[in-house]
Structures are given as C-alpha cells and as structure tokens.
Amino acid sequence: MPVALLYATGMLVYVNGRYVDSTDATISVLDRGFMFGDGVYEVWRVVRGQLFEAARHQARLERGLRELRMAQPPESSLDRLLAIARRLLEANGLLDREATLYVQVTRGAAARTHFFPPAGTSPTLLVMASAFAPSDARFSGTTVITQPDIRWLRCDIKTVQLLPNVLARQAATEAGASEAIFVRDGTITEGTHTTVCGIIDGVLRTHPANHLVLPGVTRHVVLDLARALGVRVREEAMTVEEVARAEELFLTGTTTDVTPIVAVDGRSVAEGVPGPIARALLDRLLERLDAPSRRAGPAAAENAIAAGR
C-alpha cells in the first residue's frame, strides 16, 4: 500500500513568513525540531484546491501546540493557512488534482538546552503542498504486520518525534507489508500512521481516543459514516485474539482513506479479500471527499450491511 507523495525539486514552500523555492529554503541547525523533535505537525488532504475537514485538522494542530506549551505562529491560524495553502497549490500546479498540505511548527531555534528556550523565542513554521496519488490498495486490500508498541504515553499529540513509528514501518517494508500495527498489553492500539478498525461479531471496533492513540480526523469521519449506514460502533480496543477471528479489518487515515487489511503477519483475514463494510465505508468517504479517484459505489456491500451481516 505505498502512498505516493510526490515531492518536486524546485517547488514553492513557505518558511517563517517567506515563500521560497524548496531548494533555497533553510532552517537553523539549532532549531529544536532538528535537535529534539520538539514540534508538532499536521497533514491535510486536498482535493481540487479544497482542504478536507480543515477545521478538525486545525483544531488538532492547535491542541498539540497547547499540550506542548508551544507558541502558535500568527500565520498558522486557519484563515492564514488557507491563504498560504491557496498560493502554494496554485504556484505548484496542484489546484486541479489531489494533493496534501503539510504544516510543521517547532519551538524555534535557540541554544541547545533540555529546558525551554527563553520566552519570546520565535517558533519555526514550515508549510508545503505536494502532489498526492492514492493507492489502489484501498480497493484490493493490503497486508500488515504487528509490532510492539514502544512509544511514549502521549500518542494523542501529533509530534514530529516519530522514531518508533519509523522503525516499525521499516520492519513492515522488510517483511513485504505496507503497514505495521502496534500491540500494547495484548491489544491493538493503531498503525504507524493509521487508525486500525475491525468488525468483530458484526460490530465495528477501534481503540478509544485516549492518550495511547492519535485522534484521527478520518477515524472520526468514518465512524460517523458507519453509524449512518447502520453499522454498530464500539470504541473498545481489540485484543490480538479477536483480531485473529475478525470478519474484517481495515485502516483509516488522511492518505489511506479506508484500506482493507487482507492479511496480518502472513495470516489471512477472514477470506483474505476486502469485506463489504470496508468497501461501503470507502465509497461513502470518497463521496465526502469528492475525490476524482472514486470508483463506482459497491451496492452489494451496502446490501450486505442492510441484511445485518
């Protein structure tokens, strides 16, 4: 399930109040994001120049800044970011296609100390827009592996410190899988950059939105869509044993939409093909996105849901 984020050399980016060519963009070597991973980030899906669920993504970014006691750059308000995004999308030829908008804020550049820099230190702001090509695994399904969840206990903050995620995702790549899903105390928390959902005894299950998982924007939308389709939803973590007998498993995320999981650690999920609930939820999500990559709606999937499967 490789997601294609297409970074072009020479694209226009926004750094600390200036629009600059990416090849000329610079950030201080003393920046605390570089030194400590002391920063937060957010990624928006963009379809035909429109940021999907812009307010929810913005709220998560601002919450992360508050939780880390980090100053919010004035130009990172939603209105200002929308204007910056518009200019970057237009300048980089992305207004009529799918793209992502990446925003990163760090505590700024200062002498290297483990305590906070002096009051008034300017935060660092980076904004960039990149072409995006969704994966066909959304329709065909993907494979994942499990990995122990060794991350810190504030996974609800979208920080740039992602080393455990990187190591787990690399393990997945080396195993020929597209994602790693974390296991903590015998239960599934989430993926390295995705939410994990399952259908257990006809009920959609996923980890509750607490400090152990990121409160996914797409997760929120998909759970609402599931309820609208008449699918029972319970925000309760799945055990490893329950995952082994799941009727369906799937991932959700800004760049993964709804992607069915057809195998975990080399073992097939149910019949080893995308299930009807995941297919129906993907179709409804793509309708919400108004994405050009949308395929015809799976009527059979909705019929299966209506029949009470």
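Let's start with Tyr14, which is buried at a relative accessible area of 5%; buried means under 20%, exposed over 50%, and partly exposed in between, with a 1.4 Å probe and protein chains only. This is a predicted model, so local features need pLDDT of at least 70 and side-chain atom pairs pLDDT 80 or more, while totals for chains, interfaces and linings use all residues. Residues are numbered from 1 along each chain as its sequence is written, and side-chain values use heavy atoms, without hydrogens and water.

Now the rings. There are 2 aromatic pairs. Tyr14 and Tyr19 have ring centres 5.0 Å apart and planes at 70°, so they sit edge-to-face. Rings of Phe, Tyr and Trp (its six-membered ring) pair if their centres lie within 6.5 Å; planes under 30 degrees apart are stacked, over 60 edge-to-face, the rest tilted. Tyr19 is partly exposed, at 27% relative accessibility.

Next pair. Tyr41 and Tyr102 have centres 5.6 Å apart and planes at 25°, so this one is stacked. Tyr41 is in strand β4 (residues 39-47) and Tyr102 in strand β6 (residues 98-106), so the pair ties together parts 61 residues apart in sequence. Strands here are DSSP runs (E, at least two residues), numbered from the N terminus. Both Tyr41 and Tyr102 are buried.

On to charges. Arg87 lies over the face of Tyr19, 3.8 Å from the ring centre. Arg107 does likewise over Phe116, at 3.8 Å from the ring centre. The cut-off: NZ of Lys or CZ of Arg within 6 Å of the ring centre and within 35 degrees of the ring normal.

Conventions. Helices (H or I, at least four residues) and strands (E, at least two) are DSSP runs, numbered from the N terminus.
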